[in-house]
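This report describes one protein model, part by part. Please look at the structure shown below before reading on.

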Amino acid sequence: MRILFTSVGRRVELVEAFRAAADSLGKELVIYGADVSESAPALQFCDKTVIVPRIKDESYIPSLIDICKNEKIDALIPTIDTDLHLLSLHKGDFESVGTVAVISAPDKIALCRDKRYTADYFHSVGLKSPTPVDDVNAYDAGFPAFIKPKDGSSSINAYKVSSMEELISYANQIPDYIIQPFVTGTEYTVDAFCDFSGKPVFITPRIRLAVRAGEVLKTEITNDRKIIDEMKVLIADYKPCGAITVQLIREATTGDDYYIEINPRFGGGAPLSIKAGANSAEALLRLIDGETLGYIDSAAENGAVFSRFDQSVRVK
């Protein structure tokens, strides 16, 4: 079996999770890593590496298709937000050379990338979400507030603000922003994994105990029934292909869940849910092998706490 991670970058934990899953299943797996830089650390943990053009280069997709065709890649797995929509538009091209592109439909990807529409989507399926505006002069929902790019990721240029003066200052610095009322409460991430038709296999909520640059440093698995049931509603409409990561805040006073973001890929903290027992890496390998999987409730160990750390690898 051969799988290819695009923009593999720093996703060492994810690569290792797939390696361990293959060993557990007794499958022979060849892991390909693609990146624009030979110094990307995760490339050192792949079996084969390929250097590809930047995402905005018109040769990016053709180069990936050639790799998939020539190397007989079984599945292509994206790892970052910025190439999701482009890859989804070419899902059929990858399938034509025998590669499953593990990515959701283009219209669903689009509403995640433009956060002006994400809140509307949450509302459309009956979930609460802070209502955004994209004009500082139209914001009247009080403070604190939150401003971020409409297509941002990794918490880059995302700020909590406490006054209109502060909000105007950031609005002048951030192009194409959105502003939302800030919800105070407990932050959660949900790692969900679905089969190729969008049916859930795992739904794993976890509390974000500590975060750095948008990525979790410490987390606790919590098989919260309310969140799991809300996610089932979202998944039934969204029909994700493979992994999807959703962020929400449980409001401190009311206990209401306010949904913030959808990232239709393996999130940075997804390996933690895998280690806790919701082994989406193993599930994906089984799906690629033609197996049919059903939903496994509360597969991850409730109460398990994970703390992450930095590591280095020599690349030259």
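## Helix α10 and its surroundings

The buried residues of helix α10 pack against β1, α1, β4 (75–77), β9, β10 and α9. Helices (H or I, at least four residues) and strands (E, at least two) are DSSP runs here, numbered from the N terminus. Buried means under 20% relative accessible area, exposed means over 50%, and partly exposed lies in between (1.4 Å probe, protein chains only). Contact means heavy atoms within 4.5 Å. Of the 9 residues of α10, 8 are buried, so that the helix is mostly covered. The buried ones are Ser280, Ala281, Glu282, Ala283, Leu284, Leu285, Leu287 and Ile288. Just after α10, Gly290 has a positive phi of about 95 degrees.

This is a predicted model, in which local features need pLDDT of at least 70 and side-chain atom pairs count only at pLDDT 80 or more, while totals for chains, interfaces and linings use all residues. Residues are numbered from 1 along each chain as its sequence is written, and side-chain values use heavy atoms, with hydrogens and water left out.

## The antiparallel sheet

An open sheet of 6 strands, with antiparallel pairing, runs in the order β13-β12-β9-β10-β11-β14. Two strands pair if DSSP finds at least two bridges between them. β13 and β14 (305–307) are the edge strands, each pairing on one side only. Direction ignored, neighbouring strands of this sheet are turned by 30 degrees against each other on average. Axes are lines fitted to C-alpha atoms, for helices over the stretch in contact, and angles run from 0 to 180 degrees between N-to-C directions. Helix α10 (residues 280–288) packs on this sheet and touches β9 and β10; its direction makes about 20 degrees with that of β9.

Between β9 and β10 there are 7 bridges in the antiparallel sense, and Asp191 has Thr204 in β10 as its bridge partner. β10 and β11 also run antiparallel, joined by 6 bridges; Arg206 stands opposite Ile221 in β11. From β11 to β14 the antiparallel pairing has 3 bridges, with Phe306 in β14 as the bridge partner of Thr219.

Where does Ala213 lie? Ala213 is in the loop between β10 (200–212) and β11 (215–221). The hairpin of these two strands has 2 residues between them, and Ala213 takes a positive phi near 50 degrees. With a relative accessibility of 57%, Ala213 counts as exposed. Ala213 and Arg286 are 73 residues apart in sequence, and their C-alpha atoms are 33 Å apart in space.

## The parallel sheet

Another open sheet has 5 strands with parallel pairing, in the order β3-β2-β1-β4-β5. Its edge strands, β3 (48–51) and β5 (100–101), each pair on one side only. Strand β2 (residues 30–35) and β1 are joined by 4 bridges in the parallel sense, and Leu4 stands opposite Tyr32 in β2. Helix α1 packs on this sheet, touching β1, β2 and β4, and its direction makes about 170 degrees with that of β1.

## Aromatic pairs

The structure holds 8 aromatic pairs. Rings of Phe, Tyr and Trp (its six-membered ring) pair if their centres lie within 6.5 Å; planes under 30 degrees apart count as stacked, over 60 as edge-to-face and the rest as tilted. The rings of Phe5 and Phe18 form an edge-to-face pair, because their planes are at 75 degrees, with centres 5.3 Å apart. This pair links distant parts of the chain, 13 residues apart: Phe5 is in strand β1 (residues 2–5) and Phe18 in helix α1 (residues 12–25). Phe5 is buried at 0% relative accessible area, and Phe18 is buried at 0% relative accessibility.

The rings of Phe193 and Phe266 have centres 6.4 Å apart and planes at 25 degrees, so this pair is stacked. Phe193 lies in strand β9 (residues 185–194) and Phe266 in the loop between β13 (257–263) and α9 (270–276), so the pair ties together parts 73 residues apart in sequence. Both Phe193 and Phe266 are buried. Ring pairs join Phe5, Phe18, Phe193 and Phe266 into a cluster.

## Nonpolar cores

A nonpolar core is a set of buried Ala, Val, Leu, Ile, Met, Phe, Trp, Tyr and Cys residues joined through side-chain atoms within 4.5 Å. The largest has 43 residues, and Leu4, Leu64, Phe94, Met231, Tyr238, Tyr259 and Ile262 have the most contacts inside it. Apart from this core lies another, of 42 residues, including Phe266, Leu272, Ile274 and Leu287.
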